[in-house]
Amino acid sequence: MSESYYITTPIYYVNDVPHIGHAYTTLACDALARFKRLDGFDVKFLTGTDEHGQKVEKSAAAAGIDPQAFTDQVSQNFRDLARAMNFTNDDFIRTTEKRHHVSVQALWDRLVAADEIYLGSYAGWYAVRDEAFYTEGELTKTEAGKRIAPSGAEVEWVEEPSYFFRLSAWQDRLLELYEKHPGFILPKSRYNEVASFVKGGLQDLSVSRCSFKWGVPVPGDDRHIMYVWLDALANYITAIGHPETETGEYATYWPADVHMVGKDILRFHAVYWPAFLMAAGLEPPKRVFAHGWWTNEGQKISKSLGNVIDPFWLIEKYGLDQVRYFLLREVPFGKDGDFSHASMVHRMNGDLANDFGNLAQRVLSMIAKNCNGCVPLHGDFTDEDNQLLGAAHGLLVKVGESMDVQAFHEALETIWTVIRAANVYVDRQAPWKLKKENPERMGTVLYVLAETVRHLALLTQPFMPQSSERMLDQLSVSPEHRAFSFFGPEHALVPGTGLPKPQGVLPRYVEAEAEE
Ligand code: MSP
């Protein structure tokens with residue numbers, strides 16, 4: 001039986017249309033899910049939409065439709081994005097589904113049974129935009145006297161009866177969890193940030209509201225609606241069959257291997273969520289990875305500035321695999337990054353078209369022209385041949401190590417060292433000159449290159465699936481031979497295998513055409 005691997009995206013608020021931030025989080029998960037599947041894992045990859053709460057209720061009211069019809073409409077945009085980005089999620093959860101109501105109410109019951117919840121009353125600040133409570137000390141005042149949360153969201157005063165979760169009692173156990181599992185929060189800088197927040201002391205958390213209706217009612221007291229974050233976080237276990245925990249998918253996939261989140265929602269995932277789970281007698285996830293935020297041409301992205309980047313537009317303009325590659329390569333995963341047309345085109349024309357696309361194209365067209373369109377026969381390998389082949393064979397382990405710590409940029413950089421080495425090798429060996437003087441050597445050189453491209457195309461599948469698949473098609477590698485178990489010399493290309501007519505993959509960006 002293969003080892004399981006469970007990876008999740010945050011579930012997206014449906015008050016918004018999908019933007020680059022949503023595409024980015026899910027893309028990172030998709031690349032990881034594809035990598036693990038190719039590496040033989042039994043992967044479950046989950047995404048979905050967060051459909052309850054005051055924010056969604058308000059957006060539906062503003063649109064003049066009832067919240068259910070509103071969420072039905074807007075949730076579809078996120079499914080469309082998944083299709084457009086070629087995401088391979090195994091499930092798409094919506095918090096308005098029946099299975100989720102059942103699961104989140106069962107989680108509540110577990111917390112009540114463990115005496116982790118009590119009735120009190122809340123008086124304090126709340127930001128609807130963040131769906132989060134803030135203390136006075138966290139707020140700043142604008143010139144007009146408005147109070148603003150650190151995220152920039154406006155807060156309002158809330159005073160109402162509320163159920164509370166005994167978060168304050170979980171401080172030591174959370175710190176113990178972080179210390180025992182240093183990989184629980186990545187990257188390291190975020191780990192320190194969360195640990196010092198928890199060391200600073202935790203207050204009990206208000207987990208129900210009575211001032212609106214759009215959510216899951218508290219079992220036995222339906223004047224109260226559950227706090228939208230408790231509701232939303234539970235999606236990760238709903239999707240694997242909670243409240244059933246002994247058998248089925250829960251038994252197979254929990255605890256999750258990675259919850260991928262943006263840095264803004266780390267606290268909910270690395271503090272509240274493991275506390276809720278442990279309090280309910282369930283295991284915490286293995287890791288929460290917090291990635292950074294994108295700016296647009298140096299500016300913070302915001303609706304009011306009108307500079308939101310639409311992922312559908314990006315794909316249309318630059319191509320899907322180009323966008324996927326850029327987002328994962330441009331910025332060390334975990335750090336903030338800047339999107340600019342210039343840097344996009346630089347990656348697209350440099351790394352993709354010149355380095356990788358050109359390598360594949362040169363090799364395949366020389367084979368088509370000089371070797372009857374078949375995988376060439378080869379003689380003995382020289383040191384230089386073995387060096388390149390060895391570097392290609394060695395990639396899987398190195399890239400796997402980077403993927404295991406979600407260092408996508410590093411994984412790609414490692415793959416590109418071999419792409420560059422292969423280009424240097426072509427120039428030095430100059431197979432085009434060998435045709436007359438030493439055709440057998442030409443065959444060997446082209447064989448070494450084709451084998452190298454096979455390895456590179458196998459390994460780039462998680463990042464740029466369509467282009468890698470087209471390269472593998474052109475090498476006549478059958479779809480059943482594309483998993484990483486076919487990596488290495490034992491599964492090398494067989495001389496004499498017929499190859500289809502080569503076609504360019506990974507084109508250059510042509511400025512004039514795009515500007516018309
Ligand atoms: N609904 C909550 C998550 C609940 S999970 C149990 C939520 N949704 S969200 O739609 O607002 O956020 C979705 C994700 O988009 C977050 O991970 C957030 O960090 C990410 N991004 C939003 N803007 C972003 C950028 N400009 N850049 C990168 N990611 C950004 O929060």
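Helix α13 (residues 341-370) and helix α18 (residues 439-460) pack at an angle of about 140°, and their axes are 10 Å apart. This is a predicted model. Angles over 145 degrees would count as roughly antiparallel, so α13 and α18 are oblique to each other. The crossing in which α13 passes α18 is left-handed. On the α13 side, the residues in contact are F356, L359, A360, V363, M366, I367 and N370. They meet M442, L446, L449, A450, V453, L456, A457 and T460 of α18. Sorted by class, this contact has 13 nonpolar residues, two polar ones and no charged ones.

From α3, the contact uses N77, D80, L81 and A84, while α11 supplies P311, F312 and I315. The classes here are five nonpolar, one polar and one charged.

The model also holds a ligand, surrounded by 23 residues. The closest are I11, D50, G262, D264 and W294.

| Residue | Protein atom | Ligand atom | Distance |
|---|---|---|---|
| I11 | polar backbone atom | nitrogen | 2.8 Å |
| H22 | polar side-chain atom | oxygen | 3.4 Å |
| D50 | N or O atom in the side chain | nitrogen | 2.7 Å |

In I11 the atom belongs to the backbone, whereas in D50 the side chain provides it.

Notes:
Residues numbered from 1 in each chain as written. Predicted model: local features only at pLDDT ≥ 70, side-chain atom pairs only at ≥ 80, totals over all residues. Heavy atoms only, no water. Axes fitted to C-alpha atoms, helices over the stretch in contact; angles between N-to-C directions. Helix = DSSP H or I, 4+ residues; strand = E, 2+ residues; numbered from the N terminus. Parallel < 35°, antiparallel > 145°, perpendicular 65-115°, else oblique. Left-handed = near helix turned anticlockwise from the far one by under 90°. Contact = heavy atoms within 4.5 Å. Nonpolar A, V, L, I, M, F, W, Y, C, P; charged D, E, K, R; others polar. Near = heavy atom within 4 Å. Polar contact = N/O pair within 3.5 Å; in protein donor to acceptor, adjacent residues only side chain to side chain.
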